[in-house]
Amino acid sequence: MARLVLDIRREASAPFHAALTAASVFAGLAISAAILIAAGVPPAALADEFVVATLFDAQSLHAVLFQAAPLIMVGAGAAIAFRARFWNLGLEGQMIWGAIAATAVSLFEIGPPMLRLPLMFLAAIVAGMAWIALPLLLKQRLAVNEIVSTLLLNYVALNVLLHLLYGAWADPKDSFPHSPLYRGFERLPELPGGISSALVLALAAVAALAWLTLASRFGFHLRFVQAGPAVARSLGVPVLGVTVAATLLSGSLAASAGFVIVAAQEGRLTQSFFTGYGVSGVLIAFLARNNPAAAAIVALLVAILFAAGQNLQVFYQIPFAMVQLIQAIVVIAAAAADFFLRHRVRWVKGIG
Amino acid sequence: MIDFVASWLAATLAYAVPYALAALGLIICERAGVLSLTAEGFMLVGALAGVGAVLALRAPPLAALAVGMAAAALVAVLFALLVVVLRLNQVVAGLAMVFFCQGLTSLVGTAFGWTSKAIGGLTRLPLGPLADLPLLGRALFNQDILVYLTLPIFAAIAWLLTRSMTGLRLRAVGESPEAADAAGVNVTAYRFVAVLAGSALIGLAGAYISVGSAKIWIQDMTSGRGWIAIALVIFARWRPWRALAGAILFGCIESLVPRVAAAGIQAPRYVMLMLPYVVTLGVMVWMAVARTGRPGDEPAALGQPHVREERR
């Protein structure tokens, strides 16, 4: 009688790891393609929408890069919090507060025009930190589960946003739930060459994070916290300080994502500017294994997915939630592949 | 004032049922040691499948609820494979499942044209003269069938978990899978079945939201109730009857929101809509401050995969 035997794999070689990851991502994409075809997208259109139309068309490529900036920020933001063992699922809430704070600076005309945009950015960062500070405090002081608290706070933030947009902050010019348009100098400019300044901000943030996690004392400490707070503490690592700093950084990155969406893409506060970004941030961090630089690359790929998703919505009436579905399938496939990284499966013949 | 209280109480149980059933399903999973963050996703699957059964199969409401249960259990097979068989990190797998279900239900709902179509749904079953009792009649005895069934479901599961041999083994698997394994309990099988059974109940909770209360499917219609149910399980300290009491409390708060506006009381709409989430958070904080939870409440092996080959 033959049977399956599992062995624990202590160490996997780098090529095996890379091949497995590639295979799992490919499998996830293949399953996603099958679902899309079942939902009525012609197979020939898939390759066209995803590869040709997004990468080899100057205008679409521009749109992808534009979309990439907030995704890089939420992805890196999720990654840094997960490293500090803080499950920040409140990315959407922090994005909303970041955008609300930036809009407040615009609405109440705080500061001279020259400084308006930096002030909006600063206000967003402070608001994002403040919004994550509550679940952080509750976790550190009272051991309240942050997965649930950050998620609940998303719904609170959303209702604050709707309260403002359907009330005091509604644009008097029309009856839609959005704020008045920002003035020209309140919008993130496009740099020469058509590159969005939001993308430059996002890449600068990732570069800083990469340095912080790889080369700084903070990053050295963070690796200990990630490996195990109890051991880290006994080794003299300032666990509390590192956790607080990483988590606040995460909140400020998510809020920055909210800021760049309203200040570069929408030009005003809208009721759905954050749709899809919070979930994507978490999934990007999972796929990038909480590495900020890897998160930037994954975010770029997700941006292609976003751009393709918008096309599919327009041309084939495929709901935008498809984007989330594909990301989730790829993450599940990649996570499932971990099993083979950690286990060796053997057939044993004969009596077991 | 009496009218306000009467209509409030009359609506409370219908709001409490989804919380109660979802929390009960979560308790089954978690007592077996599987941390299930999937509730929000599986409720959506149950809600969509229930409406889909009515629209596509012309199923009667009760059958539609059963379809909702079955659909959630089916999707839960994937979750169980990931966390029980492949032993993945249960937080990552659970969150990925929620995002997967959100995307899937929204895609399927649109693709089949099930979105925003009103259905017949469950009807009220007044229990004879009892339903005419003042105040309590409408609150307790003029409800739909699932409200009446919730009590026996709780009684059955509570008995199963605490009084039966199966329940004892299931709790052993959640407290110490190594010991249970050594005693000859099939840890993998118990966990797998617990995930499926618990998820079916979570699916029933979702199907009740669409087929029983709202009588319509709308994308992301559970709007965070799955997360509230997870908080409720912590509040209930993994005990079924406490979960039922907590669910009624949450039902009270949620049913208050539409009543206040209907009674003509001036309150900002979106501030009122925050109430369930703020109260949930408040309860979590209060639990933590009052330290009502004891360390032994949480199943000891919650969230830990059982890897027999690493047994020490």
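This report describes a strand pair, a helix pair and a chain contact in a predicted model.

## Strands E1 and E2 of chain A

Strand E1 of chain A spans residues 3-8 and is hardly covered: of its six residues, the number that are buried is zero. Its partner is strand E2 of chain A, residues 343-348, and the two pair in the antiparallel sense over six bridges. Within this pairing, A:Val5 stands opposite A:Arg346 of E2(A).

## Helices H4 and H6 of chain A

Helix H4 (residues 91-107) and helix H6 (residues 146-165) of chain A pack with their axes 8 Å apart and at an angle of about 30°. Because angles under 35 degrees count as roughly parallel, H4(A) and H6(A) are described as roughly parallel to each other. The crossing in which H4(A) passes H6(A) is left-handed.

On the H4(A) side, the residues that meet H6(A) are A:Glu92, A:Gly93, A:Ile96, A:Trp97 and A:Ile100. They face A:Thr150, A:Leu153, A:Asn154, A:Ala157, A:Leu158, A:Leu161 and A:Leu164 in H6(A). Sorted by class, this contact comprises eight nonpolar, three polar and one charged residues.

## Contact between chains A and B

In the contact between the two chains, 39 residues of chain A touch 39 residues of chain B. On the chain A side, at least two residues each come from E1, helix H5 (113-142), H6, helix H11 (277-287) and helix H13 (321-342). Of these, H13(A) gives the most, with 12 residues. The side of chain A that touches chain B consists of 31 nonpolar, six polar and two charged residues.

Conventions. Residues are numbered from 1 along each chain as its sequence is written. Chains are lettered from A and ligands numbered from 1 in the order in which they are written. This is a predicted model: local features need pLDDT of at least 70, side-chain atom pairs count only at pLDDT 80 or more; totals for chains, interfaces and linings use all residues. A residue is buried if 20 or more other C-beta atoms lie within 10 Å of its own, exposed if 12 or fewer, and partly exposed in between; C-beta atoms are placed from the backbone. Helices (H or I, at least four residues) and strands (E, at least two) are DSSP runs, numbered from the N terminus. Two strands pair if DSSP finds at least two bridges between them. Axes are lines fitted to C-alpha atoms, for helices over the stretch in contact, and angles run from 0 to 180 degrees between N-to-C directions. Angles under 35 degrees count as roughly parallel, over 145 as roughly antiparallel, 65 to 115 as roughly perpendicular and the rest as oblique. A crossing is left-handed if the near helix is turned anticlockwise from the far one by less than a right angle, and right-handed if clockwise. Two residues are in contact if their C-beta atoms, placed from the backbone, lie within 7 Å. Ala, Val, Leu, Ile, Met, Phe, Trp, Tyr, Cys and Pro count as nonpolar, Asp, Glu, Lys and Arg as charged, and the others, Gly among them, as polar.
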